[in-house]
Amino acid sequence: MSYYDTIRLEKGMYQTKEGFTAQLERLDPSAQYDRGPLKGLDAFQRQLKRFDIRVGGQNSDMVEKFFSTADSSVLFPEYVARAVRQGMENADLLPDIIATTTRIEGMDYRTITSVPEEEDKQLKPVAEGAVLPQTVVKTQDNLVHLHKRGRMLVSSYEALRFQRLDLFTVTLRQIGAYIARAQLKDAIDVLLNGDGNSNAAAQVSAAGTSLAYADIVKLWAQLAPYELNTLLAGTNMVQQILDMTEMKDAQAGLNFQATGKLVTPVGASLLHAPGMADKTIIGLDKTCALEKVQAGDVLVDYDKLIDRQLERAAVSCIAGFAKIFVDAAKKLTVS
(Lines give C-alpha, C1' and ligand atoms only; values in the text may rest on other atoms or scores of the structure.)
Protein backbone atom coordinates (compact mmCIF):
# COMPACT_ATOMS: atom_id res chain seq x y z
CA MET A 1 0.00 0.00 0.00
CA SER A 2 1.26 3.49 -0.88
CA TYR A 3 1.37 6.27 1.67
CA TYR A 4 2.98 9.07 -0.32
CA ASP A 5 -0.27 11.07 -0.41
CA THR A 6 -0.81 10.91 3.36
CA ILE A 7 2.65 11.96 4.63
CA ARG A 8 2.66 15.09 6.74
CA LEU A 9 5.42 17.43 5.61
CA GLU A 10 7.02 19.88 8.05
CA LYS A 11 10.10 22.09 8.42
CA GLY A 12 11.69 19.81 10.98
CA MET A 13 12.44 17.25 8.27
CA TYR A 14 15.27 19.54 7.09
CA GLN A 15 16.88 19.63 10.53
CA THR A 16 17.69 15.92 10.71
CA LYS A 17 21.14 14.52 10.04
CA GLU A 18 19.87 12.23 7.27
CA GLY A 19 18.34 15.05 5.23
CA PHE A 20 14.93 15.80 3.76
CA THR A 21 14.86 13.29 0.90
CA ALA A 22 16.25 10.49 3.07
CA GLN A 23 13.47 11.16 5.57
CA LEU A 24 10.89 10.92 2.82
CA GLU A 25 12.44 7.68 1.56
CA ARG A 26 12.27 6.19 5.04
CA LEU A 27 8.60 7.10 5.36
CA ASP A 28 7.76 6.15 1.78
CA PRO A 29 10.34 3.67 0.41
CA SER A 30 10.78 3.63 -3.36
CA ALA A 31 11.14 -0.17 -3.26
CA GLN A 32 7.36 -0.53 -2.93
CA TYR A 33 6.82 1.19 -6.27
CA ASP A 34 8.31 -1.49 -8.50
CA ARG A 35 5.45 -1.21 -10.97
CA GLY A 36 2.77 1.25 -11.97
CA PRO A 37 2.84 4.97 -12.88
CA LEU A 38 5.09 5.90 -9.93
CA LYS A 39 7.86 3.48 -10.85
CA GLY A 40 11.24 5.19 -11.22
CA LEU A 41 10.31 8.22 -9.09
CA ASP A 42 12.04 8.92 -5.79
CA ALA A 43 10.16 10.03 -2.68
CA PHE A 44 10.52 13.74 -3.45
CA GLN A 45 9.30 13.33 -7.02
CA ARG A 46 6.27 11.43 -5.73
CA GLN A 47 5.49 14.40 -3.49
CA LEU A 48 5.62 16.70 -6.50
CA LYS A 49 3.14 14.40 -8.20
CA ARG A 50 0.97 14.38 -5.09
CA PHE A 51 0.54 18.15 -5.28
CA ASP A 52 0.55 18.18 -9.09
CA ILE A 53 3.63 20.45 -9.29
CA ARG A 54 5.39 20.42 -12.66
CA VAL A 55 8.90 21.88 -12.31
CA GLY A 56 10.08 21.43 -15.90
CA GLY A 57 8.93 21.49 -19.49
CA GLN A 58 6.84 23.83 -21.57
CA ASN A 59 3.85 23.58 -19.22
CA SER A 60 5.73 23.94 -15.96
CA ASP A 61 3.83 25.53 -13.09
CA MET A 62 4.45 28.92 -11.56
CA VAL A 63 6.48 29.37 -8.37
CA GLU A 64 3.33 30.09 -6.37
CA LYS A 65 2.13 26.50 -6.93
CA PHE A 66 4.56 25.36 -4.22
CA PHE A 67 2.78 27.62 -1.74
CA SER A 68 -0.79 26.51 -2.44
CA THR A 69 -0.79 24.49 0.81
CA ALA A 70 1.31 24.41 3.97
CA ASP A 71 2.56 20.89 3.12
CA SER A 72 3.55 21.67 -0.47
CA SER A 73 5.53 24.76 0.63
CA VAL A 74 7.88 22.43 2.55
CA LEU A 75 8.97 20.96 -0.81
CA PHE A 76 10.31 24.29 -2.11
CA PRO A 77 13.77 24.26 -0.42
CA GLU A 78 14.45 20.74 -1.75
CA TYR A 79 13.46 21.85 -5.25
CA VAL A 80 15.93 24.76 -4.94
CA ALA A 81 18.70 22.47 -3.67
CA ARG A 82 18.16 19.96 -6.48
CA ALA A 83 18.22 22.64 -9.17
CA VAL A 84 21.46 24.08 -7.75
CA ARG A 85 22.96 20.58 -7.51
CA GLN A 86 22.07 19.93 -11.13
CA GLY A 87 23.86 23.11 -12.16
CA MET A 88 26.92 22.00 -10.20
CA GLU A 89 26.93 18.63 -11.93
CA ASN A 90 26.55 20.14 -15.41
CA ALA A 91 29.54 22.48 -14.95
CA ASP A 92 31.64 20.27 -12.73
CA LEU A 93 35.12 19.11 -13.78
CA LEU A 94 35.89 17.77 -10.31
CA PRO A 95 34.80 14.17 -11.04
CA ASP A 96 37.54 14.13 -13.67
CA ILE A 97 40.32 15.05 -11.22
CA ILE A 98 39.38 13.72 -7.77
CA ALA A 99 40.09 10.18 -6.62
CA THR A 100 37.49 10.06 -3.85
CA THR A 101 34.92 12.18 -2.02
CA THR A 102 34.68 12.07 1.76
CA ARG A 103 31.50 13.40 3.38
CA ILE A 104 31.78 14.62 6.96
CA GLU A 105 29.29 15.97 9.48
CA GLY A 106 31.50 18.51 11.27
CA MET A 107 34.01 21.12 10.11
CA ASP A 108 37.24 19.47 11.29
CA TYR A 109 38.85 16.77 9.18
CA ARG A 110 42.38 15.43 9.07
CA THR A 111 43.17 13.27 6.07
CA ILE A 112 45.74 10.52 5.65
CA THR A 113 48.77 10.37 3.41
CA SER A 114 51.52 8.05 2.30
CA VAL A 115 54.88 9.29 1.06
CA PRO A 116 56.78 6.32 -0.39
CA GLU A 117 60.53 6.52 -0.84
CA GLU A 118 62.10 5.70 -4.20
CA GLU A 119 62.95 2.19 -3.04
CA ASP A 120 59.35 1.64 -1.94
CA LYS A 121 58.14 2.36 -5.47
CA GLN A 122 60.24 -0.45 -6.88
CA LEU A 123 58.72 -3.90 -6.43
CA LYS A 124 61.96 -5.71 -5.72
CA PRO A 125 61.90 -9.45 -5.05
CA VAL A 126 61.85 -10.41 -1.37
CA ALA A 127 64.03 -13.29 -0.21
CA GLU A 128 62.49 -16.11 1.80
CA GLY A 129 62.21 -15.08 5.45
CA ALA A 130 63.06 -11.44 4.70
CA VAL A 131 60.90 -8.53 5.85
CA LEU A 132 58.44 -7.14 3.29
CA PRO A 133 58.83 -3.46 2.36
CA GLN A 134 56.52 -1.17 4.32
CA THR A 135 54.01 1.41 3.17
CA VAL A 136 53.58 3.93 5.96
CA VAL A 137 50.16 5.59 6.16
CA LYS A 138 49.76 8.45 8.62
CA THR A 139 47.45 11.35 9.35
CA GLN A 140 48.40 14.79 8.11
CA ASP A 141 49.65 17.40 10.56
CA ASN A 142 47.14 20.07 9.53
CA LEU A 143 43.39 20.00 9.05
CA VAL A 144 41.82 20.26 5.61
CA HIS A 145 40.75 23.82 4.86
CA LEU A 146 37.02 23.91 4.09
CA HIS A 147 35.55 26.79 2.10
CA LYS A 148 31.93 27.89 2.01
CA ARG A 149 30.91 28.77 -1.54
CA GLY A 150 27.48 30.05 -2.48
CA ARG A 151 25.17 32.85 -3.46
CA MET A 152 22.54 34.94 -1.74
CA LEU A 153 19.18 34.59 -3.49
CA VAL A 154 17.78 38.13 -3.42
CA SER A 155 14.22 38.61 -4.62
CA SER A 156 10.71 39.10 -3.31
CA TYR A 157 8.05 36.43 -3.44
CA GLU A 158 5.85 38.88 -5.33
CA ALA A 159 8.49 39.17 -8.06
CA LEU A 160 8.75 35.39 -8.48
CA ARG A 161 5.29 34.02 -7.75
CA PHE A 162 4.06 34.24 -11.36
CA GLN A 163 7.33 33.09 -12.94
CA ARG A 164 7.44 29.62 -14.50
CA LEU A 165 9.45 27.09 -12.52
CA ASP A 166 11.29 26.06 -15.68
CA LEU A 167 12.71 29.59 -15.99
CA PHE A 168 13.51 29.85 -12.28
CA THR A 169 15.38 26.53 -12.51
CA VAL A 170 17.73 28.06 -15.09
CA THR A 171 18.70 30.76 -12.59
CA LEU A 172 19.26 28.21 -9.84
CA ARG A 173 21.43 26.08 -12.14
CA GLN A 174 23.64 29.10 -12.74
CA ILE A 175 24.15 29.41 -8.98
CA GLY A 176 25.22 25.76 -9.01
CA ALA A 177 27.59 26.38 -11.91
CA TYR A 178 29.21 29.24 -9.97
CA ILE A 179 29.75 26.99 -6.94
CA ALA A 180 31.29 24.27 -9.15
CA ARG A 181 33.71 26.73 -10.76
CA ALA A 182 34.70 28.14 -7.35
CA GLN A 183 35.36 24.63 -6.03
CA LEU A 184 37.45 23.80 -9.10
CA LYS A 185 39.56 26.88 -8.37
CA ASP A 186 40.06 25.62 -4.79
CA ALA A 187 41.06 22.18 -6.08
CA ILE A 188 43.60 23.65 -8.52
CA ASP A 189 45.12 25.74 -5.73
CA VAL A 190 45.59 22.62 -3.58
CA LEU A 191 47.11 20.68 -6.48
CA LEU A 192 49.61 23.47 -7.13
CA ASN A 193 50.37 24.79 -3.65
CA GLY A 194 49.41 21.90 -1.38
CA ASP A 195 46.84 21.66 1.39
CA GLY A 196 48.98 23.23 4.13
CA ASN A 197 51.05 20.12 4.82
CA SER A 198 54.18 21.02 2.83
CA ASN A 199 53.03 19.04 -0.19
CA ALA A 200 53.07 21.51 -3.09
CA ALA A 201 53.38 20.01 -6.55
CA ALA A 202 56.91 19.42 -7.81
CA GLN A 203 57.83 21.62 -10.76
CA VAL A 204 58.83 20.41 -14.20
CA SER A 205 60.32 23.15 -16.37
CA ALA A 206 59.79 23.37 -20.11
CA ALA A 207 62.90 23.46 -22.27
CA GLY A 208 62.01 26.63 -24.15
CA THR A 209 59.84 29.73 -23.96
CA SER A 210 56.88 28.02 -25.62
CA LEU A 211 55.26 24.67 -25.00
CA ALA A 212 56.52 21.74 -27.06
CA TYR A 213 55.57 18.10 -27.44
CA ALA A 214 58.81 17.11 -25.75
CA ASP A 215 57.76 19.05 -22.61
CA ILE A 216 54.60 16.98 -22.22
CA VAL A 217 56.62 13.80 -22.72
CA LYS A 218 59.01 15.04 -20.03
CA LEU A 219 56.07 15.59 -17.67
CA TRP A 220 54.79 12.09 -18.47
CA ALA A 221 58.19 10.59 -17.69
CA GLN A 222 58.70 12.46 -14.41
CA LEU A 223 55.25 11.53 -13.11
CA ALA A 224 56.14 7.82 -13.25
CA PRO A 225 55.37 5.41 -11.67
CA TYR A 226 52.03 7.24 -11.55
CA GLU A 227 50.01 7.41 -14.75
CA LEU A 228 49.62 10.73 -16.54
CA ASN A 229 45.92 10.44 -17.36
CA THR A 230 44.76 14.04 -16.83
CA LEU A 231 46.06 17.46 -17.85
CA LEU A 232 44.60 20.70 -16.46
CA ALA A 233 45.38 23.90 -18.33
CA GLY A 234 44.16 27.45 -18.85
CA THR A 235 42.99 28.85 -22.16
CA ASN A 236 46.43 29.88 -23.44
CA MET A 237 48.02 26.51 -22.71
CA VAL A 238 45.10 24.59 -24.22
CA GLN A 239 45.48 26.62 -27.40
CA GLN A 240 49.19 25.83 -27.53
CA ILE A 241 48.54 22.12 -27.08
CA LEU A 242 45.90 22.08 -29.81
CA ASP A 243 48.32 23.92 -32.09
CA MET A 244 51.01 21.24 -31.78
CA THR A 245 51.89 19.33 -34.92
CA GLU A 246 51.24 16.08 -33.06
CA MET A 247 47.66 17.26 -32.43
CA LYS A 248 46.98 17.90 -36.10
CA ASP A 249 47.00 14.32 -37.29
CA ALA A 250 43.76 13.07 -38.83
CA GLN A 251 42.56 10.91 -35.94
CA ALA A 252 43.10 13.52 -33.21
CA GLY A 253 41.58 16.26 -35.34
CA LEU A 254 38.57 14.15 -36.28
CA ASN A 255 37.86 13.28 -32.66
CA PHE A 256 38.04 16.95 -31.58
CA GLN A 257 35.93 18.19 -34.49
CA ALA A 258 33.31 15.46 -34.16
CA THR A 259 32.92 15.25 -30.36
CA GLY A 260 34.59 18.37 -28.94
CA LYS A 261 36.62 16.15 -26.63
CA LEU A 262 40.22 17.23 -26.21
CA VAL A 263 42.93 14.61 -26.49
CA THR A 264 46.69 14.88 -26.11
CA PRO A 265 49.69 13.15 -27.68
CA VAL A 266 50.21 11.02 -24.56
CA GLY A 267 46.57 9.98 -24.30
CA ALA A 268 45.69 12.01 -21.21
CA SER A 269 42.37 13.82 -20.90
CA LEU A 270 42.83 17.55 -21.44
CA LEU A 271 40.58 19.67 -19.22
CA HIS A 272 40.07 23.36 -19.89
CA ALA A 273 40.18 25.40 -16.66
CA PRO A 274 39.81 29.08 -17.71
CA GLY A 275 40.83 30.39 -14.29
CA MET A 276 44.28 28.80 -14.35
CA ALA A 277 47.36 30.97 -14.72
CA ASP A 278 49.08 31.15 -18.09
CA LYS A 279 52.24 29.11 -18.74
CA THR A 280 51.22 26.43 -16.23
CA ILE A 281 49.91 22.92 -16.80
CA ILE A 282 49.02 20.41 -14.09
CA GLY A 283 49.63 16.77 -14.90
CA LEU A 284 48.15 14.23 -12.51
CA ASP A 285 47.03 10.71 -11.93
CA LYS A 286 43.37 11.31 -11.11
CA THR A 287 43.05 7.93 -9.41
CA CYS A 288 45.22 8.86 -6.43
CA ALA A 289 46.11 12.57 -6.38
CA LEU A 290 43.24 14.46 -4.79
CA GLU A 291 40.54 13.96 -2.16
CA LYS A 292 37.42 16.10 -1.94
CA VAL A 293 36.08 16.66 1.57
CA GLN A 294 32.47 17.84 1.74
CA ALA A 295 30.59 18.95 4.85
CA GLY A 296 26.96 18.09 4.20
CA ASP A 297 25.19 18.73 0.91
CA VAL A 298 23.86 21.85 -0.78
CA LEU A 299 22.64 24.07 2.07
CA VAL A 300 19.60 26.33 1.74
CA ASP A 301 17.83 28.67 4.12
CA TYR A 302 14.82 26.37 4.29
CA ASP A 303 13.04 28.51 6.92
CA LYS A 304 13.09 31.59 4.71
CA LEU A 305 12.16 29.70 1.56
CA ILE A 306 9.21 27.92 3.17
CA ASP A 307 7.95 31.19 4.68
CA ARG A 308 8.35 32.97 1.31
CA GLN A 309 11.07 35.25 2.68
CA LEU A 310 13.23 35.18 -0.43
CA GLU A 311 14.66 38.66 0.15
CA ARG A 312 17.94 37.17 1.41
CA ALA A 313 18.01 33.38 1.23
CA ALA A 314 21.46 31.77 1.12
CA VAL A 315 22.38 28.80 -1.05
CA SER A 316 25.82 27.34 -0.32
CA CYS A 317 28.06 24.28 -0.22
CA ILE A 318 31.03 23.63 2.10
CA ALA A 319 33.97 21.64 0.73
CA GLY A 320 37.75 21.42 0.74
CA PHE A 321 40.50 19.41 -0.90
CA ALA A 322 43.49 17.40 0.26
CA LYS A 323 46.47 15.74 -1.40
CA ILE A 324 46.62 11.94 -1.15
CA PHE A 325 49.88 10.94 -2.88
CA VAL A 326 52.06 14.03 -3.26
CA ASP A 327 53.97 12.86 -6.34
CA ALA A 328 50.76 11.94 -8.20
CA ALA A 329 50.50 15.54 -9.44
CA LYS A 330 53.18 17.79 -10.93
CA LYS A 331 53.15 21.18 -12.59
CA LEU A 332 54.76 21.96 -15.91
CA THR A 333 55.80 25.61 -16.28
CA VAL A 334 56.86 27.52 -19.36
CA SER A 335 59.19 30.45 -18.70
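**Close-up views of a predicted model**

**View 1. Glu 64 and Arg 161 form a salt bridge whose closest N and O atoms are 2.9 Å apart.** A salt bridge here is a side-chain nitrogen of Lys or Arg within 4 Å of a carboxyl oxygen of Asp or Glu. Glu 64 is partly exposed, with a relative accessible area of 26%, and Arg 161 is partly exposed at 28% relative accessibility. Buried means under 20% relative accessible area, exposed means over 50%, and partly exposed lies in between (1.4 Å probe, protein chains only). The model is predicted: local features need pLDDT of at least 70, side-chain atom pairs count only at pLDDT 80 or more, and totals for chains, interfaces and linings use all residues. Residues are numbered from 1 along each chain as its sequence is written, and side-chain values use heavy atoms, with hydrogens and water left out.

**View 2. Asp 52, Arg 54, Asp 61 and Lys 65 are linked in a network of salt bridges.** Side chains of opposite charge can pair when their charged atoms come close. Asp 52 is partly exposed at 44% relative accessibility, and Lys 65 is partly exposed at 23%. Asp 61 forms a salt bridge with Arg 54, with the closest N and O atoms 3.3 Å apart. Asp 61 is buried, with a relative accessible area of 8%, whereas Arg 54 is partly exposed at 37%. The whole structure has 15 salt bridges.

**View 3. Helix H4 (residues 76-90) packs against helix H7 (residues 165-193) at an angle of about 55°, with their axes 6 Å apart.** This angle makes H4 oblique to H7. Angles under 35 degrees count as roughly parallel, over 145 as roughly antiparallel, 65 to 115 as roughly perpendicular and the rest as oblique. Axes are lines fitted to C-alpha atoms, for helices over the stretch in contact, and angles run from 0 to 180 degrees between N-to-C directions. The crossing of H4 and H7 is right-handed (the near helix is turned clockwise from the far one by less than a right angle). Residues of H4 in the contact include Phe 76, Tyr 79, Val 80 and Ala 83, and those of H7 include Leu 165, Phe 168, Leu 172 and Arg 173. By class, the contact of H4 with H7 has 13 nonpolar, 5 polar and 1 charged residues. Contact means heavy atoms within 4.5 Å.

**View 4. Thr 135 lies in the loop between helix H5 (118-121) and strand S3 (138-139).** Thr 135 is exposed, with a relative accessible area of 64%. Thr 135 and Ser 114 are 21 residues apart in sequence and 7.1 Å apart in space, C-alpha to C-alpha.

**View 5. The protein as a whole has 11 helices and 11 strands.** Helices (H or I, at least four residues) and strands (E, at least two) are DSSP runs, numbered from the N terminus. The C-alpha atoms fill a box of roughly 70 × 55 × 40 Å, taken along the principal axes. Of the 335 residues, 44% count as buried.

Notes:
Ala, Val, Leu, Ile, Met, Phe, Trp, Tyr, Cys and Pro count as nonpolar, Asp, Glu, Lys and Arg as charged, and the others, Gly among them, as polar.
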